Amino acid sequence: MTTCLMKLCRLLCCALTLPLTLMERTGLCGVYKRLFPFLAYNITFSYNAKTHGIKRELFRNVGSFASSDGTLRLLEIGCGSGANFRFYPGGCTVTCTDPNPHFSSYLRRSMADNTHLTYEEFMVVSGENMEEVQGESVDVVVCTLVLCSVRDVREVLQEVRRILRPGGAFFFLEHVVSDPSSWTYFFQHVLEPVWYYLGDGCMITRATWKDLEAAGFSELHLKQVEAPGVTSLIRPHIMGFSIK
């Protein structure tokens, strides 16, 4: 009964978003692509404050994956406005990638505020196709709140494994689908059609841990956490790192 109700309510939400679907398919959502970086940049301050402890724990081991010569080459997929820069160890070289070119001005602000890092060029590429990045050329890849909105999670993880050097690490923090017995699970499925457009393609019903388990990393260190101070729809998170 609950499943039928959930599907019916989701169908109603899909009907409500039909105009947005038509706008997306005809390319009329480009205006929001320009607006979204402004929203993301301003939300970053609140989100970082609420998840400071989680991010500090997540990134505390990044420095241990430096190359034998002491250098640390880090690439971030979906860097957005640079919300993670403050958590990276000093002296590492950061390559930023994002499919949305309109993040560039906000990214420069974050770079100016985090001078402990060295930055390479901002690459406008999708996580599924980073052919401009040489294979086995980075020590660490970072991806936070990105796998929810990529076209194909498994293709992104294949690219991560391709560009990581042997022994390199992939650090992740992602919101995921809730337990099927919870009301959060119910509302995630019902409201996802609306959330997709509000979040610039964000999907809130992905079981991303399954893709990580199947990606072929030699080690996977993963745990589930509840992100404090955020809406219940995206409170369930997974965090950790994988080693190539």
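Tyrosine 47 touches Lys55, Leu145, Leu173, Val230 and His237, leaving aside residues up to four places away in sequence; a contact here means heavy atoms within 4.5 Å. The model is a predicted one, in which local features need pLDDT of at least 70 and side-chain atom pairs count only at pLDDT 80 or more, while totals for chains, interfaces and linings use all residues. Residues are numbered from 1 along each chain as its sequence is written, and side-chain values use heavy atoms, with hydrogens and water left out.

Tyrosine 47 lies in helix H3, where helices (H or I, at least four residues) and strands (E, at least two) are DSSP runs numbered from the N terminus. With a relative accessible area of 13%, tyrosine 47 is buried; the classes are buried under 20%, exposed over 50% and partly exposed in between, computed with a 1.4 Å probe and protein chains only.

Most residues other than glycine have a negative phi. Leucine 145, however, has a positive phi of about 55°. This leucine 145 sits in the loop between E4 and helix H6 (153-163) and is partly exposed, at a relative accessible area of 31%. Glutamate 136 also has a positive phi, near 55°. It is found in the loop between strand E3 (118-123) and strand E4 (138-144), and its relative accessible area of 46% makes glutamate 136 partly exposed.

Leucine 18 belongs to helix H2 (residues 18-25). Its relative accessible area is 47%, so leucine 18 is partly exposed. Leucine 18 and valine 194 are 176 residues apart along the chain, and their C-alpha atoms are separated by 10.0 Å.

Helix H3 (30-50) returns in the description of the second largest pocket. A pocket is an open set of points on a 1 Å grid over the protein atoms alone, where a 1.4 Å probe fits, with protein on both sides within 12 Å along at least five of seven lines; lining residues have an atom within 4 Å of a point. The volume of the second largest pocket is about 200 Å³, a volume being the space filled by probe spheres set on the points, which are joined across faces, edges and corners. H3 contributes five residues, the largest share of the lining, and both H3 and helix H5 (104-113) supply at least two. Among the lining residues are Tyr41, Phe45, Arg86 and Asp113. By class, the lining has four nonpolar, six polar and two charged residues.

Across the whole chain there are eight helices and seven strands. The radius of gyration, taken over C-alpha atoms, is 18 Å, which agrees with the value near 18 Å for a compact globule of 244 residues. The C-alpha atoms fill a box of roughly 60 × 35 × 35 Å along the principal axes. Buried residues account for 48% of the 244. Of contacts between residues at least 6 apart in sequence, 76% join residues at least 24 apart.

Terms used
Ala, Val, Leu, Ile, Met, Phe, Trp, Tyr, Cys and Pro count as nonpolar, Asp, Glu, Lys and Arg as charged, and the others, Gly among them, as polar. The radius of gyration is taken over C-alpha atoms; the globule rule is 2.2 Å times the number of residues to the power 0.38.
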